[in-house]
Amino acid sequence: FRAEHALTETMMRMDDIGLKLDINAKLDDLSILNSFMPDFPYIETLSNLHIGFESDAYGIKVNGKIATDFLEMDTIRADSLVVDFNFSLDNQKRTDFLISGLDIRFRELHVGGRSFENAEIYLDGYDEAFVLQKFRAIAGDDVEIGLMLSAVFSEYDVDIRIMEFYVGDEDYLWQNLSHTPIVIDREGRVLVKMLEFGNQNERVVIDGVFSENPADNVSYMFNDFQLEKISDLLNLDFSFKGGLNGSFSTKTLRTFPEFTGRVAINNIEIDDRVIGDASLRSVYNREDDRFELDVRIDTDPDRYEEYLAMYDGVRQDIHITGHLLNPVGDHDPDLPGLVLNVDFNELDLWVLPFIVEGIFDDIGGKATGNGSFELYADRFYYDGTFDLVDLRLKPVFLQSELVLNGKLTMNYDDGLRFHDVRVRDRAGGNGTIYGRIQLTDFKSVIPLNLTLVMNRLQFINNRYEEEVPFFGRIAGSGAVNMSGTT
């Protein structure tokens, strides 16, 4: 630690005492702080510091500047950081006797796994209010964030107004559409009155009172909220789309949270494949301290007539019921936190590759059945039974198109099991397939042991490609065993 300071002027008189102090310092090694305070975060920096201090019988003035080439502390790193601050207290004034200002600018800021660039923050403070004049930063893939607000303090409450808010880019920009106040009262309740945000035709409205009083609640209303951008931000292995509509309300979020409401998602797509529409209803069961769930997923024949005509009319018709235990409630730890019971009135099995990736290609067809899912603190369990109806698929590497009919079960202990499922090809060959694919907890390496019993069945239909181990078109009788791992 190295510092240079200069005491520029000191005036002391009996009737008027004044002090003026300027401090200039260069900081490049703060490890000495850890010698005196071992728990203090280790800081690496190269900074220049200036502080000016003036005081007399009428008040105090402080101003300063910190210019940092870099600063690192735990998971935080800032580059080209500049902080200007000022503070004045005038005891001769009855209003505006306290004035302060804070300006922060930096080129880059990394906090954990998040990064921000080219930020500007200007904050003004007064005796009964503060104003965030400007907050602007770029986060992630050129996503710009901006905020301007004010807060006025009184003996009764704090009145906060959002003058400007935006987040997004030139193609997707959410911003505030209302300037209604957010009020924090003396009891600590936060009152929000129809606070509205929008992006093109999308709307989100928040209205109600945040508190731990069971009589208070907050409503969240969604209109045409598009999920595609959320899919992009999550960076999953698959993409999804859909428009969220509906509302739900919450209570006592910090102690005994309640969620009640109904939302619908229309025009759902996964990897550009149509699912249809879904609805979710949640009701809080106070006696059992849990949320009763009811979910329906449907590819409505009237709404999706053109799509269904392309895929032999096979649709999704799924009904899910169950419950979710209150996550902050006092429950037996041996009980499952989430229980779902599923009726597959009709299921389009094109989703099967998501479960058994790398084993079958070009899957399509219909199934009916039922199943259940239980989620515990340290494990999960699933069980399902399906009747396959003209399920079309191509085994990887074999590439022969087969059509399956019969019984399929899936559970945690036994995996995905084929129970002497009938098989046929396009040329009239037939056979059966039995065995299992050991899914367990869906790890990347999945053992399998399947046997295909054939009667003049085409079981290889490969074109020549360098990465394919064998090619040609073969039909025959006998048995083929496929075992190993994916």
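User: Taking a salt bridge as a side-chain nitrogen of Lys or Arg within 4 Å of a carboxyl oxygen of Asp or Glu, how many does a search of the whole structure find?
Analyst: The search returns 24 salt bridges. This is a predicted model in which local features need pLDDT of at least 70 and side-chain atom pairs pLDDT 80 or more, while totals use all residues. Numbering runs from 1 along each chain, and side-chain values use heavy atoms, without hydrogens or water.

User: What does D277 pair with?
Analyst: D277 forms a salt bridge with R303, with N to O at 2.8 Å. D277 belongs to strand 18 (residues 273-285), whereas R303 sits in the loop between strand 19 (290-298) and helix 3 (305-310), so the bridge ties together parts that are 26 residues apart in sequence.

User: Is D277 buried or exposed?
Analyst: D277 is buried (under 20% relative accessible area; exposed is over 50%, partly exposed in between, 1.4 Å probe, protein chains only), at 14%. R303 is partly exposed, at 46%.

User: And which residue does R315 bridge to?
Analyst: R315 bridges to D317, with the closest N and O atoms 4.0 Å apart. R315 is buried at 17%, and D317 is partly exposed at 23%.

User: What about R379?
Analyst: R379 meets D378 in a salt bridge, the closest N and O atoms being 3.2 Å apart. R379 is partly exposed at 46%, while D378 is exposed at 63%.

User: Changing topic, what are the overall dimensions?
Analyst: Along the principal axes, the C-alpha atoms fill a box of roughly 115 × 55 × 45 Å. Of the 486 residues in the protein, 36% are buried.

How values were computed. Helices (H or I, at least four residues) and strands (E, at least two) are DSSP runs, numbered from the N terminus.
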